[in-house]
Protein chains: 2
Amino acid sequence: MTSTVQEWHLTARPVGRPKPEDFRLVARELPAPAEGEVRVRNTFLSVDPYMRALMSTTQTGDLAYRLDRPMTGGAVGEVVESRAAGLSPGDLVLSALGWRTGAVAPAEHFTLLRRVNGVADSAFLGVLGMPGLSAYVGLTEIAGLRAGETVFVSGAAGAVGSLAGQIARLRGAKAVIGSAGSDAKVAYLTGALGFTSAFNYKAGPVHTQLANAAPDGIDVYFDNVGGDHLEAAIDALNRNGRVALCGAISGYHGTEPPSGPRNMVELVKKRLTLRGFEVIDHADLQPRFADEMGGWLADGQISFRETVEDGIDSAVTAFLGLMEGRNTGKMVVRL
Amino acid sequence: MTSTVQEWHLTARPVGRPKPEDFRLVARELPAPAEGEVRVRNTFLSVDPYMRALMSTTQTGDLAYRLDRPMTGGAVGEVVESRAAGLSPGDLVLSALGWRTGAVAPAEHFTLLRRVNGVADSAFLGVLGMPGLSAYVGLTEIAGLRAGETVFVSGAAGAVGSLAGQIARLRGAKAVIGSAGSDAKVAYLTGALGFTSAFNYKAGPVHTQLANAAPDGIDVYFDNVGGDHLEAAIDALNRNGRVALCGAISGYHGTEPPSGPRNMVELVKKRLTLRGFEVIDHADLQPRFADEMGGWLADGQISFRETVEDGIDSAVTAFLGLMEGRNTGKMVVRL
């Protein structure tokens, strides 16, 4: 039986900040599943900062979204029809076939999920998904956080940052400092999320605010934004400090390259390490992450929020809002 | 018996490039050695880029040279008089009591050296000393060079760079690319030192010249200069590339902070690691280094040059020349 889905296409490559006109919602008829394929109805779509990069060809090459084709992204869905062994109607699955209401595809595109008591399915796009694993990998593997250290997280109210700060606390950090773009987010960090302190980066120079928040310096910086945050963190880092670079929202829109940190000489003087990573390289840590994060969730030790937009129509709006920091925690689209 | 030495004092903290007037040569009478002390006559003094940093207080704190006191630095000397067990007249020793013709000090300030056949004593300030160990540590420990990789070394005709390039070759690098500040130095790199290719960074943009020299990219960058070299290297690095930051001559003189690399976002995209180091933290590798470097020297596999200036009078001139790149290989002062 054929079925109709709606899917978002990129129709023009954004220059600088993406505009609604760069996207188009298209209806498409899908064939019935062939042998080995399943039909899935998506229930939650993920919008993430990395998608901005995929909208340009310059820096992402083969990974870039193709024009007038369905865009891809994380999605949680339910199997509706199956001609594949191991997947049955009703199964909850994760795929990269987002930005659409459903898909027909070979079974290997889908990962079977085990529902967690008391946790919404959208968590597999956030706290139990790529953002959670990114936070976990960045802190533990990339930055090598040790108990007793002081940690600074930028973009700390975001999907990754909010988890990075809490993982730091649960892993025994002496202090966890966060930056965010509004006073309400700052209150969220020091309230529900248990950050030691936080500041609003729009309220004054990052350099001064970080220095005030960390009079004894920082040992680890989890970087979600780059730019002036990175320069300030390099100055604040103690000897043998480490930086995990997880993304650079502040550089995504630029048509001019951003200015770089002017204090790179500090890397030598203070024996600092800066290391960029993409979570996709660290899938081997997924089982350990799922165990540890699952335990924290079961014990109520991790707090997380989602910003939920409703309906396939809202996906682009949700993405543009994410780029402007209008989310608190993971931004998802509920279908 | 008292003795008279000549020693250099820093009399004014340089702003920007140091000037001869910032230094003064002073004669001083030393007491006879007390129990546990030795008197040493220096035969070779070291001048090194890191000394520029010690002339400022802003960035180096307690390590900074004090005004109107003898400056310190690497020196090879001969024991003239000893009241300490384990050291006898005629022994060759290494100390940090340079910038002077001799010293009286407790024996623990001196390391007994074993002369190497066919190698001048000054080698303990260069190929067998801190520059050699810096090159070795940076490539093997910090950058984790593996056989078959492509390496780029900046400041490659200098004391550290010339050894870094050769160690890379001896450790199985597929290609070793160097940059230097004159055509003569470039010829030296591709000739005597066996670099695969080299370019004169004053002859054109580093970015273009490096891209041309490394059409398949680089895997390791040994950074001696920072600035535009670092930005170019970040663009040239392949996925999972590593940078060992060994110093930043280009930033030492600046009264304005240098511009930083504008392409830090590449650290994430290409999963790059930048790591600063100071050789002083890696003394534990000295025995392994001495073995391996001693073997290469004995086999004639390492070529090195020194730029030798004569007499204590010339020490400041030698240092200023070093800052301007007038050396090829290790710059030393022979007394």
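How many residue pairs are in polar contact across the interface of chain B and chain A? The rule finds 5 of them, both residues being at pLDDT 80 or more. A polar contact here is a pair of N or O atoms within 3.5 Å; within protein, one must be able to donate a hydrogen and the other to accept it, and residues adjacent in sequence count only if both atoms are side-chain atoms.

## Before you look

This is a predicted model, where local features need pLDDT of at least 70 and side-chain atom pairs count only at pLDDT 80 or more, while totals for chains, interfaces and linings use all residues. Residues are numbered from 1 along each chain as its sequence is written, chains are lettered from A in the order in which they are written, and side-chain values use heavy atoms, leaving out hydrogens and water.

## Where the chains touch

On the chain B side, 28 residues are in contact (heavy atoms within 4.5 Å) with 29 residues of chain A. Together the two chains bury about 2400 Å², 61% of it on carbon and sulfur atoms; that is accessible area (1.4 Å probe) lost on putting the two parts together, summed over both.

You'll also find 4 salt bridges across this interface, each a side-chain nitrogen of Lys or Arg within 4 Å of a carboxyl oxygen of Asp or Glu. One links R271(B) to D281(A), with the closest N and O atoms 2.6 Å apart.

## Strand against strand

Strand 13 of chain A (residues 273–276) pairs with strand 13 of chain B in the antiparallel sense, over 3 bridges. Strands are DSSP runs of E, at least two residues, numbered from the N terminus, and two of them pair if DSSP finds at least two bridges between them. Here R275(A) stands opposite T273(B).

## Ties inside chain A

Over all chains, the salt bridge count comes to 34. In one of them, the side chains of R83(A) and E35(A) meet at 3.2 Å, N to O. R83(A) sits in the loop between strand 4 (75–82) and strand 5, and E35(A) in the loop between strand 2 and strand 3 (37–46), so this pair ties together parts 48 residues apart in sequence.

How values were computed: Helices (H or I, at least four residues) and strands (E, at least two) are DSSP runs, numbered from the N terminus.
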